[in-house]
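Good morning, colleagues. I shall speak about pockets and their linings; please look at the structure first.

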Amino acid sequence: MKPLKFPHRSHGDRLPSYKSRFPFALFQRKLNKSRSPSTYSQKKQPFANAVMAVGPYLPPRFSVAPMMDCTDNHYRTLARLISKHAWLYTEMITAETIVHQKDNLDRFLAYSPEQHPIVLQIGGSNLESLAKATELANEYHYDEINFNCGCPSSKVAGHGCFGVRLMLDPMFVGEAMSVIAANTDVPVTVKCRIGVDDHDSYNELCDFIYKVSSLSPTRHFIIHSRKALLNGISPAENRSIPPLKYEYFYGLLRDFPDLRFTINGGITCIGEVNAAIRAGAHGVMVGRAAYNNPWQTLGHVDSTIYGKPSSSLTRRQILGKYQVYGDSVLGKYGQKPNVRDVVKPLLHLFYSEPGNGLWKRKADTAFRHCTTIKSFFEETLRAIPDSVLDSPVGETPVGRDELFADINSLLPPPYEVREQELLYA
């Protein structure tokens, strides 16, 4: 393995800054006094990977959010059969897992070439582990690497001291993003919330964005437009209880015109995705709607968001292709994956369709004895009418037109950097 790179910058290194408004020297002095640079390589890392990735793919105007226990290889295989252009994210994988499983990495990082464009999301709070994990992941040729600064799980933000808790330490996030970027040739991005507990003002969010972008090559932020509450509520409740503040997201577009922002949170259908883009969002990330209703959500991405032909596959044809995939991976890692693991993302393919309830009941029974995906389909798909299996995707759902209708009138006051506060933060 090549030596890991830990960038260390002197006062002569040139970093991007908003010189007309914000004093970069505050952050540069702070960085040079931060965690010990004695083991860092002196090789400078040019910020060549700073922009939103495009490469051979269309830009990430639509992406599927990283979701633990959801966006695994099986789901991503299904998603790619439905949409050719949606950007797909892995589940969050901790840097420590990648490092400790370096002799078993295929189980965590391998995917089929058809899944491009695909983003690896990693989590962690140790610079050396982040550097090693990034270096190990290079062999898998992900299209971007995303750093998790948004997960509110107590296992992550509490005991693990990473995820959304890192928003309280933007100086470290800037260092971490520089370390990740120094060990990969693909763009690096951050996914975060709009705040944490009582640290939820618009200016505090801007401080985080400014510090991270000033100290690293990060130029693309995915913003979940809710704050996180770390005490007393579950991750699921953190997706619904804190109110959505889309005005914070669109304030960032105004105040950081040189950066790129993807909006996340509360967007439930393609009509609402289009509304967010019309209001100015560079990209939209959808989570539960893309998982719980993949046919109606992903089925419109290529034509409606990208203006490209859809796959035109019916659900029967998609299941035929998925069966080939599923039977090829059963038992690849000993007892895993089993039929239940492989079929899990399919259980939402017939959301709200005739026969959906009966299909799920038959699936529960079939899981007990079916040993192949083929036999599972033979036993269960008779519950779904041919008209559902063979029909194309329906009309584009309209969604809530009012979501972003008056957003410009709701924007917070423009960001003003507080020099002394930032200097001693």
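On a 1 Å grid over the protein atoms alone, a pocket is an open set of points where a 1.4 Å probe fits, with protein on both sides within 12 Å along at least five of seven lines, and lining residues have an atom within 4 Å of a point. Points are joined across faces, edges and corners, and a volume is the space filled by probe spheres set on them. This is a predicted model, in which local features need pLDDT of at least 70, side-chain atom pairs count only at pLDDT 80 or more, and totals for chains, interfaces and linings use all residues. Residues are numbered from 1 along each chain as its sequence is written, and side-chain values use heavy atoms, without hydrogens and water.

The largest pocket holds about 1100 Å³ of space. It is lined by 38 residues, of which Asp72, Asn73, His74, Arg107 and Tyr325 are the closest to its centre. Helices (H or I, at least four residues) and strands (E, at least two) are DSSP runs, numbered from the N terminus. Helix α2 (73-82) gives the most to this lining, namely six residues. By class, the lining has 14 nonpolar, nine polar and 15 charged residues; Ala, Val, Leu, Ile, Met, Phe, Trp, Tyr, Cys and Pro count as nonpolar, Asp, Glu, Lys and Arg as charged, and the others, Gly among them, as polar.

The second largest pocket holds about 740 Å³. Among its 32 lining residues, Pro66, Met67, His224, Arg239 and Arg288 are the closest to the centre. Strand β6 (188-193) gives the most here, with three residues. The lining of the second largest pocket has 15 nonpolar, 11 polar and six charged residues.
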